[in-house]
Amino acid sequence: TDFINACGQVGYPNLDYNGKDIVGASYFQTTSMKGERASTAFAYLHPSMHRKNLHVVTEANVTRILFSQDGKKAIGVEYMKDNKIVRVLASKEVIVSAGSLNTPKILQLSGIGPAPELKKWNIDLIKDLPVGLNLQDHCFTTICCIGPPKKNIGSINGAKALGFPSGLLSLAEWFLHGTGIFASSGLDGNLFCHSGVRPHLPYPDLQISVMTTGGDAELIYKNLNVSPEWPYPPEVIGPNAEAFIILVTLLHPVSRGSVTLKSTDSQAHPAIQPNYLQEDVDLKTLMAGCKIAMKILQQGAMKDTFGRAYFHPKLLQKHNNKSDSDAFWEDHIRHFCTTLYHPTSTCAIGKVVDPQLKVYGMNGLRVADASIMPQIMSGNTNAPSIMIGEKAADMIAKEYGYMNKSQVTLSANENYKRKRQTLHRNIALYVAVIATSITLVVAYLMK
């Protein structure tokens with residue numbers, strides 16, 4: 001709330017970013033239900049596992065797509081399971097939904113991709129298409145913030161969540177009502193805004209978010225890509241740290257990357273070259289975003305939440321203990337810039353697939369994941385990727401003459417109820433075991 005109010009003091013309205021206008025501040029909207037993450041597996045797959053026409057194979061690795069003798073129609077898929085090759089034939093279509101990194105790998109291994117790239121690996125060319133090119137991703141940098149001294153600011157790894165008895169009360173609130181600090185995704189406040197670097201853009205090029213935690217060692221040194229040689233102090237990542245992190249995200253990078261093959265071995269990871277900040281305009285946009293974030297932090301609405309920003313001493317020393325110059329921000333961004341894990345556009349509509357998501361020049365082959373986006377969107381990719389799956393399902397159902405939209409929603413609700421009932425039974429069992437143990441210990445001590 002403080003962050004959203006501070007954005008208002010800078011001039012950004014409080015709005016619903018899924019409405020007509022997107023520039024402004026708001027709470028994050030998440031794919032969750034009553035305080036729990038609702039993944040696509042939970043909402044779509046699990047309720048359908050009983051269907052006779054669904055067979056799910058896990059821990060299997062797709063090796064290639066199978067084609068007809070003339071190479072014009074996809075007829076099945078080959079995969080490896082328990083070191084055995086299995087071939088499955090398709091009655092109608094093959095749909096590739098392996099994501100923006102693995103979908104291009106599978107297509108290239110199958111002979112669909114840039115001819116020079118496939119020739120390099122002696123892969124027979126089925127169709128020359130720019131598969132794996134045009135990689136776009138959201139990269140971001142961080143500003144770590146420490147709360148005012150002796151102030152509980154509600155950090156999700158702070159006293160309210162982990163302290164006693166506040167932690168138990170927070171757990172009880174989540175268990176009974178699905179609300180409170182344990183229902184938080186960790187990302188609560190959000191701002192979409194323009195950097196001003198490219199005034200002609202009709203949409204925001206920056207997303208500034210609040211992560212309501214200072215993080216822990218795994219988050220800082222792995223997820224945020226900070227070198228352990230640059231250790232963070234206990235007041236940022238220590239137990240009960242009252243801190244938070246500002247994420248400044250570049251929404252529409254000019255830089256383009258690629259996904260190509262490292263090997264003809266289907267189990268090898270692809271070669272991912274994101275080319276972050278390759279274009280100078282991307283760096284300038286992030287620099288402008290950092291300055292906007294600092295301006296928001298200095299507003300009166302943040303006085304009960306924001307104490308000071310933590311910048312690493314090595315960087316400060318290099319810039320004469322000053323953190324307001326362009327040189328400092330460039331250095332900071334280049335040290336602390338990493339991926340938001342939003343890769344898109346490697347099999348884009350208009351380049352690799354048509355508007356019905358069918359691969360150009362091929363029959364019986366579609367792609368349905370974030371790789372088909374012509375351009376990365378102004379925000380997170382989770383909901384748009386779900387939309388792509390929904391739209392693809394509708395187009396396929398319409399093409400083959402059947403469609404039933406109501407069953408998924410009803411099944412998802414029933415799945416939630418069953419999951420919640422199981423959770424209640426498990427917690428009740430744990431409480432009973434603990435209570436019985438305490439009773440036995442007390443009885444023994446009173447002998």
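1. A word on the basis first. This is a predicted model, in which local features need pLDDT of at least 70 and side-chain atom pairs count only at pLDDT 80 or more, while totals for chains, interfaces and linings use all residues. Residues are numbered from 1 along each chain as its sequence is written, and side-chain values use heavy atoms, with hydrogens and water left out.

2. A nonpolar core here is a set of buried Ala, Val, Leu, Ile, Met, Phe, Trp, Tyr and Cys residues joined through side-chain atoms within 4.5 Å; buried means under 20% relative accessible area, exposed over 50%, and partly exposed in between, with a 1.4 Å probe and protein chains only. The largest core has 55 residues, and those touching the most other members are Phe3, Ile143, Leu191, Ile208, Tyr232 and Ile246. Helix H9 (residues 280–297) gives this core its largest share, nine residues. Helices (H or I, at least four residues) and strands (E, at least two) are DSSP runs, numbered from the N terminus.

3. Do have a look at Phe3. Beyond its neighbours within four places in sequence, Phe3 has contacts (heavy atoms within 4.5 Å) that include Leu191, Ile208, Ile246, Ile296 and Met302.

4. On the cysteines: taking a disulfide as a pair of cysteine sulfur atoms within 2.5 Å, the structure holds zero disulfides. For Cys145, the nearest cysteine sulfur belongs to Cys144, 7.3 Å away; Cys145 is buried at 1% relative accessibility. Cys337 has the sulfur of Cys139 as its nearest, at 3.8 Å, and is buried too, with a relative accessible area of 15%.

5. Where does Ser100 sit? Ser100 belongs to helix H3 (residues 99–109) and is buried, at 4% relative accessible area. A polar atom of the Ser100 side chain lies 3.1 Å from the backbone nitrogen of Ser371. Setting aside neighbours within four places in sequence, Ser100 also touches Val259, Pro343, Thr344, Ser345, Thr346 and Ala370.

6. Leu201 is a loop residue, placed between strand S12 (187–193) and strand S13 (206–211), yet it is buried, with a relative accessible area of 11%. Its C-alpha is 9.6 Å from that of His252, and the two residues are 51 apart in sequence.

7. Counting a salt bridge as a side-chain nitrogen of Lys or Arg within 4 Å of a carboxyl oxygen of Asp or Glu, the total is eleven. One of them pairs Glu78 with Arg64 at 3.3 Å, N to O. Glu78 lies in strand S5 (residues 74–81) and Arg64 in strand S4 (residues 61–67), 14 residues apart. Glu78 is buried at 7%, whereas Arg64 is partly exposed at 34%.

8. Glu93 and Arg366 form another salt bridge, with their closest N and O atoms 2.6 Å apart. This pair spans 273 residues, from the loop between strand S6 (84–89) and strand S7 (94–96) to strand S19 (residues 365–367). Both partners are buried: Glu93 at 17% and Arg366 at 2%.

9. Finally, a local pair: Glu117 and Lys120 meet in a salt bridge of 3.4 Å, both in helix H4 (residues 115–120) and about one turn apart. Glu117 is buried at 12%, while Lys120 is exposed at 54%. Elsewhere, shared partners join Glu93, Lys358, Arg366 and Glu399 into one salt-bridge network.

Conventions
A polar contact is a pair of N or O atoms within 3.5 Å; within protein, one must be able to donate a hydrogen and the other to accept it, and residues adjacent in sequence count only if both atoms are side-chain atoms.
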